[in-house]
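This report describes the helix packing, the nonpolar core and the charged side chains of one protein model. The sequence and structure are shown first.

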Amino acid sequence: MGWSYNRLWILLIEKDMSKTELRKLSGITTNTLAKMGKKEPVPLEALGKICSVLHCELEDIVQYVPNSDT
């Protein structure tokens, strides 16, 4: 299984916001942001903070992508 944060990156572009700005406003760590860049799972609390800053829902920023093996 995998996670795609492409929706988040698109939303940041639409809002003309950098990843650094998002990190500072949301209070997430650089490690969390790095994991997202590698399409790794991150704590739900971090995703909630991002949603709060961007005024969006979870499905607006993350997408579950099942393995093609299953």
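The model is a predicted one, and the values below are computed from it.

Glu45 forms a salt bridge with Lys49, in which the closest N and O atoms are 3.9 Å apart. Both residues belong to helix α4, where they are four residues apart, about one turn of the helix. Side chains of opposite charge can pair when their charged atoms come close. The structure holds one salt bridge. Its lysine, Lys49, is partly exposed, with a relative accessible area of 32%.

| Residue | Relative accessible area | Class |
|---|---|---|
| Thr32 | 10% | buried |
| Lys49 | 32% | partly exposed |
| Lys24 | 60% | exposed |

Helix α4 spans residues 44-54, and its buried residues are Ala46, Leu47, Ile50, Cys51 and Leu54. Viewed along the axis of α4, these buried residues fall within an arc of 140°, so they line one face of the helix. Glu45 and Ser52, both exposed, are carried on the face turned away from that buried side. The buried residues of α4 pack against α1 (6-14), α2 (19-26) and α3. Just after α4, His55 adopts a positive phi of about 55°.

The largest nonpolar core comprises 19 residues, and those with the most contacts inside it are Tyr5, Leu8, Met36, Ile50, Leu54 and Ile61. Two or more residues of this core are given by each of α1, α3 and α4. Helix α4 provides the largest share, five residues. Beyond its neighbours within four places in sequence, Leu54 is in contact with Leu8, Leu11, Leu12, Lys15, Met17, Leu22 and Ile61.

Thr32 is found in helix α3 (residues 30-37). With a relative accessible area of 10%, Thr32 is buried because the value is under 20%. When neighbours within four places in sequence are left aside, Thr32 is in contact with Val42 and Ala46; Ala46 is one of the buried residues of α4.

Lys24 lies in helix α2 and is exposed, at a relative accessible area of 60%. Lys24 and Ile61 are separated by 37 residues in sequence and by 17 Å in space, C-alpha to C-alpha.

Technical notes:
Residues are numbered from 1 along each chain as its sequence is written. This is a predicted model: local features need pLDDT of at least 70, side-chain atom pairs count only at pLDDT 80 or more; totals for chains, interfaces and linings use all residues. Side-chain values use heavy atoms; hydrogens and water are left out. Buried means under 20% relative accessible area, exposed over 50%, partly exposed in between (1.4 Å probe, protein chains only). Contact means heavy atoms within 4.5 Å. The arc is that of the directions from the helix axis to the C-beta atoms. A nonpolar core is a set of buried Ala, Val, Leu, Ile, Met, Phe, Trp, Tyr and Cys residues joined through side-chain atoms within 4.5 Å. A salt bridge is a side-chain nitrogen of Lys or Arg within 4 Å of a carboxyl oxygen of Asp or Glu.
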